[in-house]
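Colleague: I have a structure open and would like to learn how to read it. Could you take me through it feature by feature?

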Amino acid sequence: MKFLYTLIFIVSCTAVLNAQSIYEAGYFIDNSGKKTTCLIKKLPWKTSPTEFEWKKTISSSAKTEQIEDIKEFSVGQEFLFKRYILEFDLNGDTVGKSTKFKDPDLTIRKIFLRIILKSKVTLYQYSKNNVHRFFYTSPNNAYPELLTYKVYYKPDETKKPGEKVIPQENKTYQEQLRKNFRCGKLDISKLTYTESALKNYFKRYNECKGNEIEYSIRKKINQTKIGIVGAAELTGFSHPPSIEMSTTELIEYNTEFVPRYGVFIETFIPFSKVDLSFFLEATYKAFKATATDPFLPNFDYELNYQSVNVAFAPRFHIYLSPKFEFFLEGGVSVDFNLGTELTRFAEDEIATVTTDYFYGGGFGSGRFKIGVRQYTDKNFSKKTLLPEIALSSTGVYLSVSLF
C-alpha cells in the first residue's frame with residue numbers, strides 16, 4: 001500500500017509536468033543593448049532558432065521575440081545564441097542532398113549562431129535540417145569566419161552498373177585550422193566536421209596557448225551537485241501493549257522534534273519538457289521517546305532510536321522566475337539500524353534494515369533548497385510480533401550545494 005501511494009504521487013507529478021511547457025532561467029539583449037533577465041521556453045533547439053518564447057515569471061503571459069529585434073539570448077547553461085549576418089551554404093552533408101560542385105554556393109543569411117566554446121578563439125555552430133556549419137572568431141577575426149566543408153559528387157564516367165555518383169568531401173576547414181590554429185602535437189589530418197570533434201580541438205588549442213575557457217556547452221546530464229542537508233522532523237511512534245492483550249488501544253509515545261543531517265549528490269537528466277534530476281541522500285538521526293502503559297500503571301516504555309537513512313528519488317523542477325524554482329519529489333527511504341532499543345523488545349526483534357517511502361516538494365534558489373517531506377509509516381519489528389507498530393515522520397529540510 002505504501003508503494004502504491006508513492007507510485008500514484010510520482011505518476012501524478014509526471015502527468016502535471018508533462019502537461020505544460022517548462023521554462024528555464026535565461027536572458028536576452030535587444031537591439032538597444034538592454035538586457036532582460038527572464039524565463040525562456042525550453043526547446044531541443046536542434047535547428048537554430050529565429051524566435052523564442054519568454055515570460056517574466058511563471059505566472060506572466062508568454063511573449064515572443066524575433067531575430068530582427070534580439071542580438072543575443074541564453075537559456076540555462078546549455079544554449080547561448082548571438083545574431084550575425086553571414087555568408088555560407090546549406091547544401092546537404094550527404095550525397096543525396098549535395099551538388100556536383102566542390103565550392104560552396106554562398107548565400108547571405110541573418111542567423112543566430114550557438115556558441116559551442118568561448119575563449120580567445122571561439123567556436124560557433126549553425127544547424128538547419130540536420131545540416132551543420134561551424135564558424136570561429138579569433139584576435140585576427142573579430143567577426144565569425146566560416147570553417148568550410150561540403151559534400152559533393154562526381155558523375156560516374158566508367159559506366160559501371162550500380163555506380164551512379166562518387167561522393168567527395170571538400171575539407172577546406174582542415175587547411176584553415178592548419179594555417180591559423182596549430183599548437184603542439186594537435187593532429188588535424190583526422191579531424192571530422194562534427195560538434196564534438198571541433199569542440200575538443202578548439203578546447204585543446206586554447207589550453208595549449210594558455211587561453212582561459214570562458215564558456216563551454218554542457219548538457220544537464222553532466223551537471224552534478226554535491227552538498228549537505230539538515231532537517232527537523234516531527235516524529236510519532238505507537239504500538240499495541242503486547243501480542244497477548246486483545247485490545248485495539250495503542251500506546252502512544254511523546255511526539256519528538258528530531259534533527260537529521262548528512263550529505264547528498266544530485267544529477268540532472270536532460271529532458272525537452274521536464275527538468276528532471278535524481279538524488280541520493282545519506283543522513284543520520286537519533287532520538288528518545290517515552291510512553292506510559294495504560295494497563296500497567298507506573299510502567300514506562302522507552303524508545304532509543306538510532307539509524308542512518310539513505311533516500312533515493314527523482315526530483316522534478318519548475319522554474320517560477322529566473323532565480324526561483326519549485327520542485328516535487330518522491331521515492332524510497334531505507335533505514336539502517338545502529339543499535340535501536342525498545343522496552344519489551346528483544347534485540348533480535350528489531351530489524352537491521354527497514355524500508356518505507358516518501359514524497360514532498362519545496363522551493364530552491366541558487367545553491368539552496370528548502371522542502372517538506374512526508375514519510376509513510378515504518379514498522380521495524382523484524383519478527384512482526386507487533387504488526388501495528390508505526391513510526392511516522394514529517395519534516396522540513398534545508399540543503400546546500402557545495403560543489
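Modeller: Start with surface. Accessible areas come from the Shrake-Rupley method with a 1.4 Å probe, and for residues only the protein chains shown count as cover. Here the chain exposes about 21,000 Å², with carbon and sulfur atoms supplying 55% of that area. Keep in mind that this is a predicted model: local features need pLDDT of at least 70, side-chain atom pairs count only at pLDDT 80 or more, and totals for chains, interfaces and linings use all residues. Residues are numbered from 1 along each chain as its sequence is written, and side-chain values use heavy atoms, leaving out hydrogens and water.

Colleague: What share of the 403 residues is buried?

Modeller: First the cut-offs. Buried means under 20% relative accessible area, exposed means over 50%, and partly exposed lies in between (1.4 Å probe, protein chains only). In this chain, 45% of the 403 residues are buried. One of them is Cys38, at a relative accessible area of 0%.

Colleague: How many helices and strands does the chain have?

Modeller: Helices (H or I, at least four residues) and strands (E, at least two) are DSSP runs, numbered from the N terminus. This chain has three helices and 23 strands.

Colleague: How do I read the contacts?

Modeller: Contact means heavy atoms within 4.5 Å. Take the contacts in the chain with a separation of 6 or more: residues 24 or more positions apart account for 61% of them. Ser216 gives an example. Ser216 sits in strand S13 (residues 215–216). Leaving aside neighbours within four places, Ser216 is in contact with Ile116, Leu117 and Lys199. Ser216 is partly exposed, at 25% relative accessibility.

Colleague: Where is Thr57, and what does Thr57 contact?

Modeller: Thr57 is in the loop between strand S3 (51–55) and strand S4 (63–66). Beyond its neighbours within four places in sequence, Thr57 is in contact with Leu39 and Leu320. Thr57 and Tyr23 are 34 residues apart along the chain, and their C-alpha atoms are separated by 9.3 Å. At 27% relative accessibility, Thr57 is partly exposed.

Colleague: Which residues of the largest nonpolar core touch the most other members?

Modeller: A nonpolar core is a set of buried Ala, Val, Leu, Ile, Met, Phe, Trp, Tyr and Cys residues joined through side-chain atoms within 4.5 Å. The largest one has 37 residues, and those touching the most other members are Leu113, Phe135, Leu147, Leu177, Tyr193, Tyr201 and Phe202. Several elements each supply at least two residues of this core, including strand S7 (107–118), strand S9 (131–138), helix H2 (172–180) and helix H3 (195–208). There is also a second, separate core of 15 residues, which includes Phe237, Tyr305, Ile350 and Leu391.

Colleague: What does Tyr201 touch?

Modeller: Not counting residues up to four places away in sequence, Tyr201 touches Leu177, Phe181, Arg182, Leu186, Asp187, Ile188 and Leu191.

Colleague: Which cysteines form a disulfide?

Modeller: A disulfide is a covalent bond between the sulfur atoms of two cysteines. The search takes pairs of cysteine sulfur atoms within 2.5 Å. Over the whole structure it finds one disulfide. Cys183 is joined to Cys208, with S to S at 1.8 Å. The pair links distant parts of the chain, 25 residues apart: Cys183 is in the loop between H2 and H3, and Cys208 is in helix H3. The link is left-handed, with -75° about the S-S bond.

Colleague: Is each of these two cysteines buried or partly exposed?

Modeller: Cys183 is buried, at 11%. Cys208 is partly exposed, at 38% relative accessibility.

Colleague: What should I look for in the backbone?

Modeller: Look at phi. Asn129 has a positive phi of about 50° and is not a glycine. Asn130 is not a glycine either, and has a positive phi of about 65°. Asn129 lies in the loop between S8 and S9, and Asn130 lies in the loop between S8 and S9 too. Asn129 is exposed at 56% relative accessibility, and Asn130 is exposed at 67%.
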